[in-house]
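Thanks for making the time this morning. I would like to walk you through one model, so please keep the sequence and the structure open while I talk.

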Amino acid sequence: MATVPKIVDREQRRREIAEAVLRLIAREGIEAVSVRTVATEAGLSAGAVQKYFGTRDELFRFAFDLTGEYIEQRWMRVPQGHLLTMLRALVAEALPLDDQRRAEVIVVLAFAARAAVLPEWADHLREGYEFMRAQTADFLGQAQRHGHVRDDLDAGKLADVVVALTDGFAQHLLQAAPGSELHRRLLGSLEFALTELLAPRAAE
């Protein structure tokens with residue numbers, strides 16, 4: 001009796017390989033990433049990985065897209081409540097506060113570095129930023145209508161600042177050991193910045 005070949009879901013296999021990239025980065029850093037090391041992490045041969053990703057850059061690009069998907073999934077799980085409190089929780093999901101999020105931030109930073117010299121990557125990065133900015137602006141607009149966030153400034157302008165704060169603090173937090181004085185200080189400073197920026201203003 002002939003053996004029936006195992007059907008492999010191509011998209012699922014690509015995701016599994018990209019997840020191996022994130023695990024490898026979280027454990028050993030971005031320099032450890034190669035087709036060979038990713039293959040070992042994923043339990044595959046290097047040839048099998050190359051069937052799905054021909055180059056290291058292709059691996060990074062797919063892993064970058066996956067980080068955005070993961071952030072969206074975590075956003076969906078943020079408990080409903082006061083919208084400014086929710087926003088703080090949404091921002092935290094983009095910070096390197098555990099191994100998974102740390103790996104995602106490193107991938108995003110590596111992608112941004114490559115985008116500085118590759119126009120195609122820059123276009124892709126801008127698309128990701130505009131999506132994040134639009135989502136944030138929509139959320140802030142809703143929060144303004146409910147009186148949870150200041151309404152004397154344009155939601156789009158506030159969104160630009162929130163995204164910039166998130167990106168900047170995420171980068172600095174990569175250098176701060178969890179539980180350290182620096183780590184606590186940075187998180188406190190971000191909390192302060194978001195509150196000062198967004199809290200409703202008392203009527204004059």
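Predicted model: local features only at pLDDT ≥ 70, side-chain atom pairs only at ≥ 80, totals over all residues.

Let me begin with the overall picture. The protein chain has 9 helices and 0 strands, where helices (H or I, at least four residues) and strands (E, at least two) are DSSP runs, numbered from the N terminus. The C-alpha atoms fill a box of roughly 80 × 40 × 35 Å, taken along the principal axes. Of the 204 residues, 42% are buried; buried means under 20% relative accessible area, exposed means over 50%, and partly exposed lies in between, with a 1.4 Å probe and protein chains only.

Now to the pocket. A pocket here is an open set of points on a 1 Å grid over the protein atoms alone, where a 1.4 Å probe fits, with protein on both sides within 12 Å along at least five of seven lines, and its lining residues have an atom within 4 Å of a point. The largest pocket holds about 1100 Å³ of space, a volume being the space filled by probe spheres set on the points, which are joined across faces, edges and corners. Its lining counts 42 residues, and I71, W75, A94, G128 and M132 lie nearest the centre. Besides α7 (119-145), at least two lining residues each come from α4 (56-76), α5 (83-92), α6 (99-115) and α8 (155-173). By class, the lining has 23 nonpolar, 10 polar and 9 charged residues, where Ala, Val, Leu, Ile, Met, Phe, Trp, Tyr, Cys and Pro count as nonpolar, Asp, Glu, Lys and Arg as charged, and the others, Gly among them, as polar.

Next, two helix pairs. The axes of α1 (residues 10-28) and α2 (residues 35-42) come within 9 Å and cross at roughly 105 degrees; axes are lines fitted to C-alpha atoms, for helices over the stretch in contact, and angles run from 0 to 180 degrees between N-to-C directions. That makes α1 roughly perpendicular to α2, as angles of 65 to 115 degrees count as roughly perpendicular, under 35 as roughly parallel, over 145 as roughly antiparallel and the rest as oblique. In this pair, I17, A20, V21, R23, L24 and R27 of α1 meet T37, V38, E41 and A42 of α2, contact meaning heavy atoms within 4.5 Å. These residues divide into 6 nonpolar, 1 polar and 3 charged.

The axes of α8 and α9 come within 11 Å and cross at roughly 175 degrees, which makes α8 roughly antiparallel to α9.

Leaving aside neighbours within four places in sequence, H183 is in contact with L97, L173, A176, A177 and P178.

Methods
Residues numbered from 1 in each chain as written. Heavy atoms only, no water.
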